Amino acid sequence: MKTYRQSKFLNPWVMFLTGMAIGVASRLFDIYFVNLGELFSEMAIWILIGTLISIYSPTRKAAMLNIFPFCIAMLITYYATAIITDGVYGWSFIFGWTVFALFSPLMAFLAWTAKCDGAFAKLIACGIVLSAPLSSLILFESVRFHDFVITAVLIYFLFFKDIDSYRRNSNEKYS
């Protein structure tokens, strides 16, 4: 049995529509709100959003089914909006974000597992936390203030926030 919040918001159709809206918003941020555009152009924020969608999904399968339509819809609408607004974009970016979207179900599986008990789960959680600032360092050659904030939020949700009430009714084992 799902909680009200899960059944209403965490399902593939709502995630698809949310991804569409965020894809358009991200492109418009690039045009009209440069600071937000920079933030939403970095991988760290998408690691955070994807992790939150995944860990609040009731099962690993639900996490995978929720994150994939979110990422694909966001990708499609972002670049459709870029075409409509005569935006500049490169095929290497499209390819990179497409690979990210295609691997998002695997990453959702791992993110969901990071909230389980055991050393392996904590190792996965550490990997997720490290991936946010490292992605900024590798892709953008620097770690910015918002990367530290995103990392702190990831640490809170992966190591301290109790989300068992969202998963309690799941038949899936945590470890």
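Among contacts in the protein chain between residues at least 6 apart in sequence, what percentage join residues at least 24 apart? Keep that one in mind for a moment. First, a caution. This is a predicted model.

Back to the contacts. The answer is 76%. So much for sequence separation. Now the fold itself.

Count the secondary structure. The protein chain has nine helices and zero strands. Going along the sequence, the pattern reads α-α-α-α-α-α-α-α-α.

Next, burial and surface. The protein chain has 175 residues, and 43% of them are buried. Its accessible surface comes to about 9,900 Å². Carbon and sulfur atoms account for 73% of that surface.

Let's look at one helix pair. Helix α7 covers residues 119-140, and helix α8 covers residues 145-160. Their axes lie 9 Å apart. The packing angle is about 170°. Over 145 degrees counts as roughly antiparallel, so α7 is roughly antiparallel to α8.

Who makes the contact? On the α7 side, look for K122, A125, C126, I128, V129, A132, P133 and S136. On the α8 side, the residues are D147, I150, T151, L154, I155, L158 and F159. Sort the contact by class and you get 11 nonpolar, two polar and two charged residues. K122 of α7 and D147 of α8 are both part of this contact.

On to the cysteines. C116 is at 1% relative accessibility. The cut-off for buried is under 20%.

Last stop, F68. Find this residue in helix α5, which runs over residues 60-84. Is F68 buried, partly exposed or exposed? Its relative accessibility is 32%.

What does F68 touch, leaving out residues up to four places away in sequence? The list is A101, L102, S104 and P105. F68 and G50 are 18 residues apart along the chain, and their C-alpha atoms are separated by 9.6 Å.

To recap. Nine helices, zero strands. Helix α7 runs roughly antiparallel to α8.

Notes:
Residues numbered from 1 in each chain as written. Predicted model: local features only at pLDDT ≥ 70, side-chain atom pairs only at ≥ 80, totals over all residues. Heavy atoms only, no water. Buried < 20%, exposed > 50% of the residue type's maximum accessible area, 1.4 Å probe, protein only. Axes fitted to C-alpha atoms, helices over the stretch in contact; angles between N-to-C directions. Helix = DSSP H or I, 4+ residues; strand = E, 2+ residues; numbered from the N terminus. Parallel < 35°, antiparallel > 145°, perpendicular 65-115°, else oblique. Contact = heavy atoms within 4.5 Å. Nonpolar A, V, L, I, M, F, W, Y, C, P; charged D, E, K, R; others polar. Areas by Shrake-Rupley, 256 points an atom, 1.4 Å probe, with all protein chains shown as cover.
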